Amino acid sequence: MLDQAQWTQVVEQAVRAPSIHNTQPWTFTASGDRLEVRRDTARVLPAIDPTGRQQVLSCGVAVQFAVVALRASGCTAEVEVLPDPADPEHLATVRVLGRAEPSAADVRAAAAIGARHTDRAPFLAEPLPAGLLDQLQVEAGRDGVWLKPIGRVEEETAVAVLLDQGEQLEQRDPAYLAELQAWLRTDPDAPDGVPVASLPTGDRATNYVVRDFAGGGAAPDVLPTPADDDPPPPVEHPSVVLLGTAADDRPAWVRAGMALGRLLLTVTDAGLAASPLTQALDQGWARNRLTARLGLVGHPQMMLRLGRPSGTPVTSGRRPVGEVLRVG
Ligand SMILES: Cc1cc2nc3c(=O)[nH]c(=O)nc-3n(C[C@H](O)[C@H](O)[C@H](O)COP(=O)(O)O)c2cc1C
């Protein structure tokens, strides 16, 4: 049994989860030994996320962060995914099973929650530590999720083309641009949305186009334009991985989010950072094309750049826990 203060501490960690456009599309209900996690349908993104898949995935990360926070506080826990078929927005219930001394790995994972940020800037030109991708594959597999490094030249080309097509088509969609603008924040203390300060400035030389949050005239004044005589940017070679699942339903989306949460904490603990590249996964046509071009068995759920940060990433805001947690 956890009391209000203990559940508040757990949820303070859970809400550090990344979420699409930092919508934080979750609510938590805690009582006794249970924490229920629901999607908040008041915060949907119909243009970029018409099926809600990416928001459910975001909630899955929050579930994983809650489990990590519980373990670090000396509680063992289990997760039931989609426990009530009659309530599809009730995505998971985390149940405390008992007490156990946290392992060193539990403590490190919990410390990584606060250190993790989405880092959209170019990464340093160095390979990932040996064995890291293998470790990430094993960890993703614990949630039934596969991880595929985009390694071969033809895979890189297919991904690059689809990211570019996805980005261009979205930038031509007024509803998508309006949504981006609605979630872009110039106030660094904003409790949600994507802070302008977290967006990279300047030209990029990369196959993997980072989402242009301020493009298409959505917010023309918020980012500086590079000058004509600026030197060309160095070519980026980030490591890119794709996470996917055999099924493509809500339980699979929640589990993909939990695996993403695990992966992000491992990456952070290794001194690295990540940023999602989801323009090739937002719309059904793009996901289908990605599946066909890469010959995937299953459904792509998340694409990530991984690498060593070249600067200090910006912290994005979170809503106060009191707004999202009800303790019964
Ligand atoms: C499902 C999902 C999709 C995302 N897609 C993108 C993306 O395409 N481009 C991007 O730069 N960030 C993307 N993000 C990162 C969010 O914008 C970021 O998590 C949010 O702004 C909060 O910032 P933080 O991760 O630094 O805490 C995505 C995050 C999630 C969970």
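Biologist: How far does a polar side-chain atom of R120 lie from an oxygen atom of the ligand?

Modeller: The model is predicted: local features need pLDDT of at least 70, side-chain atom pairs count only at pLDDT 80 or more, and totals for chains, interfaces and linings use all residues. Residues are numbered from 1 along each chain as its sequence is written, and side-chain values use heavy atoms, without hydrogens and water. A polar contact here is a pair of N or O atoms within 3.5 Å. The pair formed by R120 and the ligand oxygen is separated by 2.5 Å.

Biologist: Which residue has a side-chain N or O atom 2.9 Å from an oxygen atom of the ligand?

Modeller: A backbone N or O atom of P276 lies 3.2 Å from a ligand nitrogen. The side-chain atom at 2.9 Å from a ligand oxygen belongs to S316.

Biologist: What share of the area that the ligand exposes when taken alone does the protein bury?

Modeller: Taken alone, the ligand exposes 620 Å² (Shrake-Rupley method, 1.4 Å probe). Of that area, the protein buries 98%.

Biologist: How far apart are the C-alpha centres of domain 1 and domain 2, and how many residues does each domain bring to the contact?

Modeller: The C-alpha centres of domain 1 and domain 2 are 22 Å apart. Their contact (heavy atoms within 4.5 Å) takes 39 residues from domain 1 and, from domain 2, 38 residues.

Key. A polar contact is a pair of N or O atoms within 3.5 Å; within protein, one must be able to donate a hydrogen and the other to accept it, and residues adjacent in sequence count only if both atoms are side-chain atoms. Domain bounds come from an automatic or database domain assignment.
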